[in-house]
Amino acid sequence: MDRFGVEPWCRHVLLCPSVKLAVPTESLSGERRVAVTPDVAAKLTASGIEVAVQAGAGVAAHFPDSSYADNGATVAADRAVLLAGADLVTKVQPPTLEEVQALVAGTSTVSFLAPSANLEVIRALAARGATAYSLELVPRISRAQSMDALSSQATVSGYLAGLAAAERLPKFFPMFMTAAGTVPPARVLVLGAGVAGLQAIATARRLGAQVRAYDVRAAAREEVQSLGAAFVELPLETQEGSGGYAREQSEDFLARQRELIGNEVASSDVVITTAAVPGRKAPILVTAEMVDRMVEGSVVVDLAADTGGNCELTEPGLEVDRGGVVVYGMTNPPAAMPTHASFLFARNVANFLGLLVKDGKLDPDFDDEIIAGACVVRSGEVVHQPTRELLESKEGRS
Ligand code: NAD
């Protein structure tokens with residue numbers, strides 16, 4: 001006890017109340033990632049953030065509860081108690097309505113939020129007076145690269161797409177020169193050469209395949225070529241949007257693209273599709289007719305399955321057999337490699353929290369373009385303009 005009658009540790013807590021961060025177990029079926037890994041929990045604890053994880057939160061990603069306890073985090077058995085004691089909550093997937101109800105008013109959340117697809121949750125967060133940040137909306141500027149969870153998780157997806165294709169193809173990826181004869185390399189076509197597409201190219205190249213790729217953005221050509229793949233030149237105008245993304249393409253453009261890409265698809269052993277336009281349904285690049293022209297045993301891996309698919313035949317989460325050609329619609333691929341997907345995601349989260357928490361206090365600067373860009377709900381007000389407009393138009397209709 002000191003002269004004020006306070007235990008020294010108690011005085012420290014009273015003078016420096018730290019930010020309490022809760023990490024609930026993901027509840028979406030098949031989600032095996034965790035938002036904070038034990039090593040990141042140790043770093044956050046050292047920076048003055050009290051970390052509490054729900055019991056079992058890291059188990060599916062192979063991080064047992066004991067590894068969190070060994071790294072300074074508290075393990076809480078009860079989710080409602082965990083959430084009720086938090087200033088900040090971080091998750092991979094958007095909070096559920098049930099989780100939002102368990103938050104104390106004014107809590108901040110950091111997660112993927114997919115606001116346009118989760119309007120009910122956004123409304124509930126606002127009603128709770130919460131502040132919610134969407135990691136998809138972190139602006140893609142150099143300073144925010146270490147917080148770019150879309151890119152870190154797309155890296156995992158692209159790598160897994162390359163492996164999934166190689167596993168399903170009844171042929172070798174590399175060329176083999178053997179005494180019995182020479183096996184030609186597999187011909188792999190990657191459509192959409194963003195973060196996931198480039199990683200799929202790199203993986204297929206490492207396995208020895210002959211890779212060609214196409215994207216509507218001009219910058220993609222050089223990136224594709226730097227990985228040792230050939231860029232497919234189509235006589236089409238480029239489709240640059242803002243922030244390094246593609247813009248939404250007209251149906252006329254897509255029809256011309258399909259016309260021109262048909263022979264490339266038909267002559268490939270593997271087609272990996274990753275084409276996306278943020279906030280929109282994925283464009284159809286591969287038709288059933290193109291798949292019908294592929295040689296039996298060929299494989300289509302569709303990484304856009306979660307947003308409608310780039311192939312007309314894609315069934316999310318399933319492997320469709322079309323005349324001996326497998327069309328695999330991969331859903332939530334990063335969850336299939338949860339240890340390293342979580343490793344990267346947790347670092348993205350910690351770097352983002354580094355902006356929100358200063359000197360042990362939750363003190364976001366809303367003039368910072370990263371914070372302002374990622375914030376969807378601020379103290380109960382929906383501040384992300386496109387989400388607000390969607391909510392208003394929905395209210396107007398109901
Ligand atoms: P994404 O997931 O939204 O789309 C994937 C790819 O599909 C994109 O390359 C897009 O151009 C392509 N595409 C869309 N429609 C297509 C069509 N009809 N045919 C063929 N391809 C089509 O994008 P992403 O991978 O998240 O990012 C795209 C780009 O953004 C990156 O390659 C990079 O240039 C840029 N980026 C910048 C930063 C940064 O500066 N911090 C970070 C990440 C990405």
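**Salt bridges and strands: a quick chat**

A: Let's start with Asp-269: this residue makes a salt bridge with Arg-187, with 3.8 Å between the closest N and O atoms. A salt bridge here is a side-chain nitrogen of Lys or Arg within 4 Å of a carboxyl oxygen of Asp or Glu.

Q: Nice. What kind of model is this, and how are residues numbered?
A: It is a predicted model, where local features need pLDDT of at least 70, side-chain atom pairs count only at pLDDT 80 or more, and totals for chains, interfaces and linings use all residues. Residues are numbered from 1 along each chain as its sequence is written, and side-chain values use heavy atoms, with hydrogens and water left out.

Q: Thanks! Where do Asp-269 and Arg-187 lie?
A: Asp-269 lies in the loop between H10 and S12 and Arg-187 in strand S9 (residues 187–191), so the pair ties together parts 82 residues apart in sequence. Helices (H or I, at least four residues) and strands (E, at least two) are DSSP runs, numbered from the N terminus.

Q: Is Asp-269 buried or exposed?
A: Asp-269 is buried, at a relative accessible area of 4%, while Arg-187 is partly exposed at 37%. Buried means under 20% relative accessible area, exposed over 50%, and partly exposed in between (1.4 Å probe, protein chains only).

Q: Which side chain meets Asp-269 at 2.8 Å, N to O?
A: That's Lys-171, again in a salt bridge. Lys-171 sits in the loop between helix H7 (149–168) and strand S7 (176–178), 98 residues from Asp-269.

Q: How many salt bridges are there by this rule?
A: The count is 23. Among them, Arg-212 pairs with Glu-264, the closest N and O atoms being 2.9 Å apart. Arg-212 is in strand S10 (residues 210–214) and Glu-264 in helix H10, so this pair connects parts 52 residues apart in sequence.

Q: Switching to sheets: what's the strand order in the open sheet of eight strands?
A: The order is S3-S2-S1-S4-S5-S6-S18-S19, with mixed pairing; two strands pair if DSSP finds at least two bridges between them. Strand S3 (74–76) and strand S19 (381–382) are at the edges with a single partner strand each, so one side of each has no neighbour in the sheet.

Q: And in which sense do S5 and S6 pair?
A: Strand S5 (residues 108–111) and strand S6 (residues 131–134) are parallel, over four bridges. Within that pairing, Thr-109 has Ala-132 as its bridge partner.

Q: What about S14 and S15?
A: Strand S14 (residues 319–322) and strand S15 (residues 325–329) run antiparallel, joined by four bridges. Their hairpin has two residues between the strands, and Gly-323 takes a positive phi near 55° there.
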